[in-house]
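I opened this one up to see how its chains are put together. Below are my notes, in the order I looked things up.

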Amino acid sequence: MEFLKKTTEALKTGLRTLMPSCRQVARIQSDALERPLGVSQRLGMWLHLLVCKWCRRYGRQIRFLSHAAQEHSDDLTGCVPQNLPAEARQRIKQRLRSQGK
Amino acid sequence: MRFSFRIGAGPLLIRGILKPSVQTENPSAPTDENPSTGLSDPERWVETHGDYLFKFALLRLRDAARAEDAVQETFLAALKGGRTFAGRSQEKSWLVGILKNKICDHFRKASRETSFTDLGFYAEEEGDRFVTEGAHEGHWISEIGPCEWQKTGESLDNERFWQTYRDCSAKLPEKVAAVFTLRELDGVTGKEICALLGISESNLWVMLHRARMALRRCLEANWFAKEK
Ligand SMILES: [Zn+2]
């Protein structure tokens, strides 16, 4: 019984040192969008995500935002409220006219 | 019509985004001796595509005068290129391709004058939301950790969501925004961004991480937590 207790304690501390914090996992999940992760980073992240719903959400959310922006960059561009100002429009047309000759 | 950098244009345009402007002045030598780009044509371009190109440039350059310049240079380069197209969407893609190069030229020039590395922004990395001591140091404080986002798919079709997204990304400081926009909106690779702006990959990763963190938090506060 004592032995079992000690083993689980050791396992817990072992896991804790192996397991990165949420703060670190946030960074690792962003890096995962940029480059292949090292083995220990991947393992640590995987272990952490098994037990932490906040980090699972965080990862899902930054991946969602990243994909959304790339696939809907046109929507984002479209919702810029300003239009090409009238004087700029005239100026550009004039430049084009003089260049076209 | 839906035009997308990534999906529609594919790797060609993305590669094209980094070509020096000399090449883009004349994207493809017109072979036909029948330049139908008469006087009226370029002026129609301005009417048809001017607003879109301006919005496109303004979102990325964040300065109206710079955006106007980029649009003007784009039309002038297009005039020299002198091509005709079967459809307007093709024409638009072509113009956007030239504009992207002009925007990259701007960033390349700017990076020679000032460093694009910004490690000050959000350096605390949401320190107020993590446990600061004890066995759980560095873990999300349960009550204020990321909340579950509802109806993410529906949000994508909602114009107000994109306005919120834009407002949130507009809060990023200039250099972080430049990096973030190139990477997340335009899908430029990290290596290309580093070469364009003269920053190191490790600094790029820090900046992207913090930008994503700040944007996630802003959208959570102003959209996903609000909707309910
Ligand atoms: Zn966590």
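**Chain A, overall**

I started with contacts: in chain A, residues 24 or more positions apart account for 63% of the contacts with a separation of 6 or more, a contact being heavy atoms within 4.5 Å. I have to keep in mind that this is a predicted model, where local features need pLDDT of at least 70, side-chain atom pairs count only at pLDDT 80 or more, and totals for chains, interfaces and linings use all residues. For bookkeeping, residues are numbered from 1 along each chain as its sequence is written, chains are lettered from A and ligands numbered from 1 in the order in which they are written, and side-chain values use heavy atoms, with hydrogens and water left out.

Next I looked up the secondary structure. Chain A has six helices and zero strands, in the pattern α-α-α-α-α-α. These are DSSP runs numbered from the N terminus (helices H or I, at least four residues; strands E, at least two).

Then I checked the dimensions. The radius of gyration of chain A is 26 Å, whereas a compact globule of 101 residues would be near 13 Å; the radius is taken over C-alpha atoms, and the globule rule is 2.2 Å times the number of residues to the power 0.38. The C-alpha trace of chain A spans about 95 × 25 × 20 Å along its principal axes.

How much of chain A is buried? I get 42% of its 101 residues. Buried means under 20% relative accessible area, exposed over 50%, and partly exposed in between (1.4 Å probe, protein chains only).

**Helix H2 of chain A**

I zoomed in on H2(A), residues 22–31, and found seven of its ten residues buried. Among them are Cys22(A), Val25(A), Ala26(A) and Ile28(A), but Gln29(A), Ser30(A) and Asp31(A) are on the list too. Their cover includes helices H3 (39–51) and H4 (53–71) of chain A, together with H10 of chain B.

**The core**

The largest nonpolar core has 86 residues, and Phe75(B), Phe107(B), Phe161(B), Tyr165(B) and Leu197(B) touch the most other members. Such a core is a set of buried Ala, Val, Leu, Ile, Met, Phe, Trp, Tyr and Cys residues joined through side-chain atoms within 4.5 Å. Helix H10 of chain B (residues 201–224) gives the largest share, twelve residues.

I clicked on Phe75(B) next. Leaving out residues up to four places away in sequence, its contacts include Ile92(A) and Leu96(A) from chain A, plus Trp45(B), Leu53(B) and Leu95(B).

Arg183(B) sits in helix H8 (residues 174–185) of chain B. Is Arg183(B) buried or exposed? Arg183(B) counts as buried, at 13% relative accessibility. Beyond four places in sequence, its contacts include Leu33(A), Glu34(A) and Gln70(A), as well as Thr189(B) and Arg212(B).

Thr189(B) is in the loop between H8 and helix H9 (190–197) of chain B, and is partly exposed at 37%.

**Two positive phi values**

Most residues other than glycine have a negative phi, so I noted two exceptions. Arg62(B) has phi near 60 degrees; Arg62(B) lies in the loop between H3 (40–61) and H4 (64–81) of chain B and is partly exposed at 33% relative accessible area. Glu126(B) has a positive phi of about 55 degrees. Glu126(B) is in the loop between H5 (88–113) and H6 (152–156) of chain B, yet counts as buried at 1% relative accessibility.
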